[in-house]
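Please look at the sequence and the structure below before going on.

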Amino acid sequence: MSWQTFILHLFTYGILLYSIILLACYLLIGTFSIMETRSYLHKNSFTDYRVLASSTEAPSMSILAPAYNEGPTIIENVRSLLSLHYHNLEVIIINDGSKDDSLARLIEAYSLYKADFFVNQRLKTKPIRGVYRSSNPVYRKLIVVDKENGGKADALNVGVNIARSDYFVCIDVDCVLEQDALLKLAKPFLESTTQRVIAAGGVVRIANSCEIEGGRLVKVNLPKQLLPRIQTLEYIRAFLLSRMAWTKLNGLLLISGAFGAFDREIVINCGGYNPKTVGEDMELVVRMRRYMEELGEPYKVAFIPDPLCWTEAPSTYRILGRQRNRWTRGTIETLRSHKKMFFNPSYGILGMLSYPYWFFFEFLAPIIEFFGVIGLIYYCFEYAVNWQAVSIMIGVVCLGILYSIFAILMEVLTYHQYKQKKDILNLVLAAILEPFVFHPFVVWSAVVGNFDLMRKNNSWGEMTRQGFTANKKA
Amino acid sequence: MKGRSLIHLLSISWQIQNIAVAAVVILMICLLTFMLAYMLSQSLQEKKKQKWRMISDMLINKAIFFEERDEIEDQILASVLEAAKKLTGNKQFRKFITGELISAKKNISGTSSDSLKQFYLQLGLEQYALKNLESRQWYVKAQAIQELTIMDTDEFIDQLQAFTDDKNEYVRMEAQAAMVQFKGFEGLDFLDVITYPLSNWQQIKLLQLLSARPPSNIGIDKWFNSENPTVVIFALKLARNYHRFELHDAIASCLDHEDPDVRLEAIRCLNEIYTDETSDHLIGHFLREGLRNQVAMAKVMQTVGTKRDELFLFDLLTYDSDELKLHAARALVNASEDGWTSLERLSNRSEDAIARILMHIKAEKAA
């Protein structure tokens, strides 16, 4: 056997082995997801959220919404937050040094005045320029903080310092929440008796092409454009399968920065959001878990499969690339900061399962895939077409499509948000197209993200959004 | 030989790969077919429900407009009930009609509500629910308890009582709610025996159910000695919500409880039920507590603090926690008329934080 053949076999069987382990993970994720979702749906059928909505015993919640240059949409977005169903609520908008007229618009629309406000600086942040309250009692729940620009993590830390509630919910100000989103998110904190729930997340769905009126979702539609449609499928897969499965194992590492609730005391005790990473959402959850593991206290990160938050997905490759580049850098930074936990049995599931999974199948997967495909193309051109390797590739692609179809099936069996048959057909088509028009670009963006991190490029990457105005019902 | 066996091995693995790819494709087709079949069956089910809805609508209408019933109407009702009873053998129909009656029952009260209960019993649906109480699946059991509770079938109260300390939290939650629904405050006697914790969610639900009942002077204090800390917490909430001032000393004695969550609830309770001695109790226990409970105590001092507590409150201003300082400053301002002046004097010669806290309180007062 020549050395070229040896390398080829090593390469081919290496990829095959990796794929088999990945397949096993997919099977386990699918199984655990079915178990957890079934259990949740059964439990949820006994829950009357109206009890919590009207109860004075409901725990207080603070919504933290950082805003940067959100001028054109901020008034509507804040109005939408103020109308959420929850008894003990405060809404804190953090203007992170916007260069536009966001603050002026808020002052005018909500009759704000600069108040003397004592900020308990438990987390270090950039200076606060002023805290504003409304002179109109209708908006007594609202607090607007104006601060120097310091990024999303820094803005959230300011919010954590100002919040007075035991729990806070961080959201992207341009997201649309379901009216009962907070009630549903509060429940895990209230029902656990044996473990302390340190954080809870809910499903984020894609709002492109949906009908939004007055900051409320009126009608769910499948995105008309291909890229957002594929992301719809991707989100269903990630939230309904992956996160539910990790919740079953109590190994969830990520709660979306777009929408998640946290135990304020634990967040403060472990130092708040890290402003030095672009993946502050994942980093915080990992740090909170690590803190609880080191403390030796029983804890849980909860996740509920109800669609609670709707967000606009990138509709161009340029913006999508920036987003995925940032996600990759955030993942690597988080894994690097907590490398102590890698296969460390003293961190339990977190060290032995969650962290290694993220390392091998979230961080390494795009790199292996990228170099695998490049290697295969090179070999085919230089020597001959290796049908065995091609067959493995086809198998992996088919497996990906199968996994996506399973995710669609789970969606149909559970929440069935897309009622029309043609929507389901379009989702299946998206599943078939994804490996060819979407996935290679995501892999490429992740590889670029790795290079950018090596070159110490830590920019956030501008996320231009079209806004929901265009989707409003005529 | 070695080369030939390697080739043979490779050829086998090549075949396995092809079989695996084919299997994945077949599985994909199966999933798609299942999805299609499921969607078709759902739409067929929906059509069937449209027909059944005529029956349920008629029953609910007859229940609501019971006063307008005459002999002919009664005959129609009897035939509808007869037709519905025949269909109860169908599990789907049973589920449907029960769901409809339950959702109507939740929104109707008085005689109409009693009529719905009668229809439920005439259709024999309670027999199915009683059978479901023996199910091995917790959600079937819990659903049966919920159904019997909403339909006001208090004749089965003894059967339901047995589930109040069930090992499944949802089964016992429904059974406990049933007891309160049927017997009001008297129904809380399950608190004497439960060994499992009462979640905050369940406590909120029970308090909500009790709020629909006239206040009662049942003996709450026996639960302050419960070995189940969540029962003590719930009892403290009851005392607070129903302003049971006579229990002040018993509540204050909970400040010695070994569970910090119980002590926290006792502190909160003292904010509502207090006497001239409450601040002494709080001050006496202050140093034994962690920061969370100390902050809660400082908050309560805003309500119960008096001029004689000034020394203690000024001492709190020297602590590291700014949150403690803020509450202590508020308490000082509330405690006496010259509290404000003393604070201003202190702010002129002490750290910046006190001055900022003072401005904050000033703004609060002005708002």
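## Contact between the chains

How many residues of chain A are in contact with chain B, and how many of chain B take part? On the chain A side there are 35 residues, and they are in contact with 39 residues of chain B. The model is a predicted one.

Several helices build the side of chain A that touches chain B: helix 1 (3-44), helix 2 (49-54), helix 6 (181-191), helix 12 and helix 13 of chain A each give two or more residues. Helix 12 of chain A provides the largest share, 15 residues. Sorted by class, the side of chain A that touches chain B has 21 nonpolar, 7 polar and 7 charged residues.

## Domains of chain A

Chain A is divided into two parts. Domain 1 is made of two segments, 14-23 and 347-471, while domain 2 covers 33-319. Between the C-alpha centres of domain 1 of chain A and domain 2 of chain A the distance is 27 Å. Their contact draws on 35 residues of domain 1 of chain A and 36 residues of domain 2 of chain A.

Which helices supply at least two residues each to the side of domain 1 of chain A that touches domain 2 of chain A? They are helix 11 (348-382), helix 12 (387-413) and helix 13 (421-437) of chain A. The largest share, 7 residues, comes from helix 13 of chain A. This side of domain 1 of chain A holds 20 nonpolar, 11 polar and 4 charged residues.

## A helix pair in chain B

Two packed helices are described by the angle between their axes and the distance between the axes. In chain B, the axes of helix 12 (residues 260-270) and helix 14 (residues 291-304) come within 9 Å and cross at roughly 10°. Helix 12 of chain B and helix 14 of chain B are therefore roughly parallel to each other, since angles under 35 degrees count as such.

From helix 12 of chain B, the residues in this contact are P260(B), R263(B), L264(B), I267(B), R268(B) and L270(B). They meet R292(B), N293(B), A296(B), M297(B), V300(B) and V304(B) of helix 14 of chain B. The contact between helix 12 of chain B and helix 14 of chain B has 8 nonpolar, 1 polar and 3 charged residues.

## Confidence in chain A

The average pLDDT of chain A is 91, and 96% of its residues score at least 70. Within chain A, confidence is lowest in helix 1 of chain A, with a mean of 87. The highest value, 97, belongs to strand 5 (residues 142-147) of chain A. Where pLDDT is low, the predicted coordinates should not be read in detail.

Technical notes
Residues are numbered from 1 along each chain as its sequence is written. Chains are lettered from A and ligands numbered from 1 in the order in which they are written. This is a predicted model: local features need pLDDT of at least 70, side-chain atom pairs count only at pLDDT 80 or more; totals for chains, interfaces and linings use all residues. Domain bounds come from an automatic or database domain assignment. Two residues are in contact if their C-beta atoms, placed from the backbone, lie within 7 Å. Helices (H or I, at least four residues) and strands (E, at least two) are DSSP runs, numbered from the N terminus. Ala, Val, Leu, Ile, Met, Phe, Trp, Tyr, Cys and Pro count as nonpolar, Asp, Glu, Lys and Arg as charged, and the others, Gly among them, as polar. pLDDT is the predictor's confidence in each residue, from 0 to 100. Axes are lines fitted to C-alpha atoms, for helices over the stretch in contact, and angles run from 0 to 180 degrees between N-to-C directions. Angles under 35 degrees count as roughly parallel, over 145 as roughly antiparallel, 65 to 115 as roughly perpendicular and the rest as oblique.
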